[in-house]
Amino acid sequence: MKRWARKSKNLIVAFKIFQNWRMKKRFAAGQIVTEHGSSHSRKSLAQSLAYIEEQFRDYLTYGELTSEQLRGKKILELGFGDNVGVALKFLTAGAARVVCVDKYYSRRDVAREREIYSALRDSATPEERQLFDEAIEPGDDIRFNSSRLHCLNGLDLDAAAAQLQQDQQLFDLIISRAVIEEIYDPARVFAAADKLLVPGGLMLHKIDLSDYGMFSDGGMHPLTFLTIPDSVYRSMATDSGIPNRKLISYYREQMRALGYTTRWLITDTLGHGPLEPHQELSVLDSAYSRAALPVINEIRPKLSRTYRRLPDEELMVRGVFLVARKPESQSQVAN
């Protein structure tokens, strides 16, 4: 029955509308525990460690950051999920403090969480272990030193930003991975993040522009989610954490309005798949466009009005890594 339902577009839409309604009611009632974001519960210890290392390496590689540049920096991580492994990597690299914010509290296996932290500590150098121990005690009851590592759950970014601003906290670096696309109105997120970022500060966001397998895992076209009318999709996506359907031009406009200097690295394209290493759109070989074109043409007449007339380049991009630098002064925004 479940397999059959996955192949029905209408049933998927109906279920997502129900799921969205349920998530909205649960959050309004203060019920923030969810399976969403519990990625490490499905991984072995080796896989968890590799995933944490991959995220940390991506931030350093594509953000063009060195350990020396991280020393003394304050970092805000959005949507940290079921563990703070990435935050610990930044702290052991010399960051002064990391604050982790998540609207929900991802259900977790505390024993596995301790196992991950212990393994991260074991793999660290003596100097890094000292920094690790200043941030966390991974005993029977995991404890964080809030002056070094602080977690905020149950707050959307607007509320978290207000609280952090009240405490006069600003950050040198704001990071996220597969989080921004789950927020229905990312413009509010970027506005809040901008208020928390120091002049000249950096934002690094890896943004998934695919359908999360919502329709494509059932054998449907990967752009099926763009065929659903906006009014219907809104009922599916405002609170459920499914992709918001904002494409690369939307994010470009957000950064332009803020006056940020940006680099756009493509992580995945239609008809090809993941790009490792990620590549700037301007240097992508024409072969990527040729691979995407027949896939796009197959469904373009069925796309909703919002997407039907978009250029092929817009529709072929399935993921981006955004590197955005805040202006040093307000005059730079005006220019």
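This is a predicted model: local features need pLDDT of at least 70, side-chain atom pairs count only at pLDDT 80 or more; totals for chains, interfaces and linings use all residues.
**A guided tour, starting from a strand pair**

Select Thr261 first, and then look across to E12, where the bridge partner of Thr261 is Arg325. Now widen the selection to residues 261-269, which form strand E10, and to residues 317-325, which form strand E12: the two strands run antiparallel and are joined by eight bridges. Strands of a sheet pair through backbone hydrogen bonds, in either a parallel or an antiparallel manner.

Next, colour the whole sheet to which these two strands belong. It is an open sheet of eight strands with mixed pairing, and reading across it gives the order E7-E3-E2-E8-E9-E12-E10-E11. Which strands stand at the edges? Select 149-153 for strand E7 and 273-280 for strand E11; each has a single partner strand, so one side of each is left without a neighbour in the sheet. If you view the sheet so that its strands can be compared in direction, keep in mind that neighbouring strands are turned by 15° against each other on average, with direction ignored.

Is Thr227 buried or exposed? Its relative accessibility is 12%, and because buried means under 20%, Thr227 counts as buried. To see what surrounds Thr227, show Lys9, Arg245, Ile299, Lys302, Leu303 and Ser304, all of which Thr227 touches when residues up to four places away in sequence are not counted.

Finally, zoom out to the protein as a whole, whose secondary structure comes to 15 helices and 12 strands. Its radius of gyration is 20 Å, close to the 20 Å that the globule rule gives for 335 residues, so the protein is as compact as a globular protein of that length. Taken along the principal axes, its C-alpha atoms fill a box of roughly 60 × 55 × 35 Å. Of the 335 residues, 49% count as buried, while the accessible surface comes to about 16300 Å², with 50% of it belonging to carbon and sulfur atoms.

Key. Residues are numbered from 1 along each chain as its sequence is written. Side-chain values use heavy atoms; hydrogens and water are left out. Two strands pair if DSSP finds at least two bridges between them. Helices (H or I, at least four residues) and strands (E, at least two) are DSSP runs, numbered from the N terminus. Axes are lines fitted to C-alpha atoms, for helices over the stretch in contact, and angles run from 0 to 180 degrees between N-to-C directions. The radius of gyration is taken over C-alpha atoms; the globule rule is 2.2 Å times the number of residues to the power 0.38. Buried means under 20% relative accessible area, exposed over 50%, partly exposed in between (1.4 Å probe, protein chains only). Accessible areas come from the Shrake-Rupley method with a 1.4 Å probe; for residues, only the protein chains shown count as cover. Contact means heavy atoms within 4.5 Å.
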